[in-house]
Amino acid sequence: MPGDDKKRAAHRALVDHVLNAESTTSAQQRARAFNNDALPPPLHTLISKVVARPAQVTDADVAAAQESGYTEDELFELVICAALGQSDRLYETGLAALTQATIDGRPDSAT
Amino acid sequence: MRLDLLNHGYRPGTKLLFALIRAFSGHPLPDAAKLVFYRPGFYGARAKTFTHEAMRGPSAWSIGDRELMAAYVSKVNESAFCVAAHTATAEQAYPDSAKVQAALTDLDSAPIGEPLRATLHMLGKLTRQGTIGAEDMRDVLAAGVTPEQVEDALAVCAAFNVTDRLADAFGFELLSPEDLEAGANYLLKRGYR
């Protein structure tokens with residue numbers, strides 16, 4: 001049966017700190033980047049690429065976000081949140097599938 | 001890197017450390033290492049802890065296996081910097097360049113064990129499609145992988161789904177073959193802390 005371990009605890013500590021620590025951007029902005037949700041253009045373009053097509057991020061994507069008013073420190077934080085968000089969703093999806101597979105595989109699971 | 005602060009925004013002591021590393025090793029600090037020195041209280045310190053635990057913490061997977069997983073996930077994400085860095089590290093760790101190259105070129109025919117092959121397929125599907133189900137996991141378990149090994153592989157996958165994205169979003173500079181070898185050697189001696 002999968003359970004908490006040091007790896008998961010370290011990942012959770014990283015995610016919780018990045019989302020909730022006092023920082024340059026607000027916790028609400030970071031949550032939106034983490035969830036890739038309700039972001040204004042052109043930040044939405046950059047963050048969506050970080051989540052779904054990171055190899056296609058261009059200098060122009062970053063420059064457009066800066067020209068819309070975001071500082072480098074703000075973009076540093078929001079890009080990290082977006083990357084962590086997608087990673088976290090994949091991690092949780094994998095762990096949930098493992099939990100389901102191990103529960104289904106138990107001798108008493110068919111009753 | 002695309003953000004100027006990641007090239008020049010470090011404290012004087014950190015800049016001195018970068019210069020000393022370059023002077024003594026003969027190699028520049030890779031951008032992946034520089035990144036975790038920028039405002040480490042926000043991201044770098046805890047990111048290093050998690051990545052080191054995933055890549056070097058207790059596990060039934062060898063270090064070579066985990067470096068190959070990192071390279072494989074990075075290949076799915078098309079992250080050139082991370083593919084190169086972790087291919088080089090896996091090749092040194094096993095040490096077996098042909099095996100690593102085969103696994104990254106054609107996983108089905110590569111000379112690796114079935115548990116590792118099934119695990120790499122699962123990590124690839126999860127990273128590529130963003131979804132995976134119990135049936136996929138049952139296939140991995142049926143190949144002889146323990147639930148604990150699956151958890152460990154998912155931690156590697158999580159670590160490199162962050163690093164790949166940051167490498168490409170921030171525009172990490174690709175390393176020369178000599179710098180890749182030196183970086184791989186460092187990661188095998190010291191890990192990710």
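At 1% relative accessibility, H11(A) counts as buried (buried means under 20% relative accessible area, exposed over 50%, and partly exposed in between, with a 1.4 Å probe and protein chains only). The model is predicted: local features need pLDDT of at least 70, side-chain atom pairs count only at pLDDT 80 or more, and totals for chains, interfaces and linings use all residues. Residues are numbered from 1 along each chain as its sequence is written, chains are lettered from A in the order in which they are written, and side-chain values use heavy atoms, with hydrogens and water left out.

**Surroundings of H11(A)**

- H11(A) lies in helix α1 of chain A (helices are DSSP runs of H or I with at least four residues, strands are runs of E with at least two, and both are numbered from the N terminus).
- Leaving aside residues up to four places away in sequence, H11(A) touches S87(A), D88(A) and Y91(A), as well as F50(B) and A158(B) of the other chain (contact means heavy atoms within 4.5 Å).

**The interface as a whole**

- On chain A, 45 residues are in contact with 45 residues of chain B.
- About 4,000 Å² is buried between the two chains, and carbon and sulfur atoms give 70% of that area (buried area is the accessible area, with a 1.4 Å probe, that two parts lose on being put together, summed over both).
- K7(A), F76(A) and L90(A) lose the most area on the chain A side, together 19% of what that side buries.
- Between chain A and chain B, 16 residue pairs are in polar contact, both residues being at pLDDT 80 or more (a pair of N or O atoms within 3.5 Å; within protein, one must be able to donate a hydrogen and the other to accept it, and residues adjacent in sequence count only if both atoms are side-chain atoms).
- Helices α1 (6–20), α3 (43–52), α4 (59–67) and α5 (72–104) of chain A each supply at least two residues to the side that touches chain B.
- The largest share of that side, 22 residues, comes from α5(A).

**Salt bridges between the chains**

- Six salt bridges are counted between chain A and chain B, and the count over all chains is 14 (a salt bridge is a side-chain nitrogen of Lys or Arg within 4 Å of a carboxyl oxygen of Asp or Glu).
- K7(A) pairs with D152(B), their closest N and O atoms being 3.4 Å apart; this pair runs from helix α1 of chain A to helix α10 (residues 147–170) of chain B.
- Both ends of that pair are buried, K7(A) at 4% relative accessibility and D152(B) at 7%.
- R8(A) and E151(B) also meet in a salt bridge, at 3.4 Å from N to O, and R8(A) is partly exposed at 22%, whereas E151(B) is buried at 6%.
- K6(A) forms a salt bridge with E53(B), with the closest N and O atoms 4.0 Å apart.

**A salt bridge within chain A**

- K49(A) and D61(A) form a salt bridge with the closest N and O atoms 2.8 Å apart, linking helix α3 to helix α4 across twelve residues.
- K49(A) is buried at 13% relative accessibility, as is D61(A) at 11%.

**Cysteines**

- Over all chains the count is zero disulfides (a disulfide is a pair of cysteine sulfur atoms within 2.5 Å).
- C81(A) is in no disulfide, and the nearest cysteine sulfur, that of C82(B), is 19 Å away.
- The sulfur of C82(B) is 13 Å from the closest cysteine sulfur, in C157(B), which is too far for a bond.
- C81(A) is buried at 0% relative accessible area, and C82(B) is buried at 1%.
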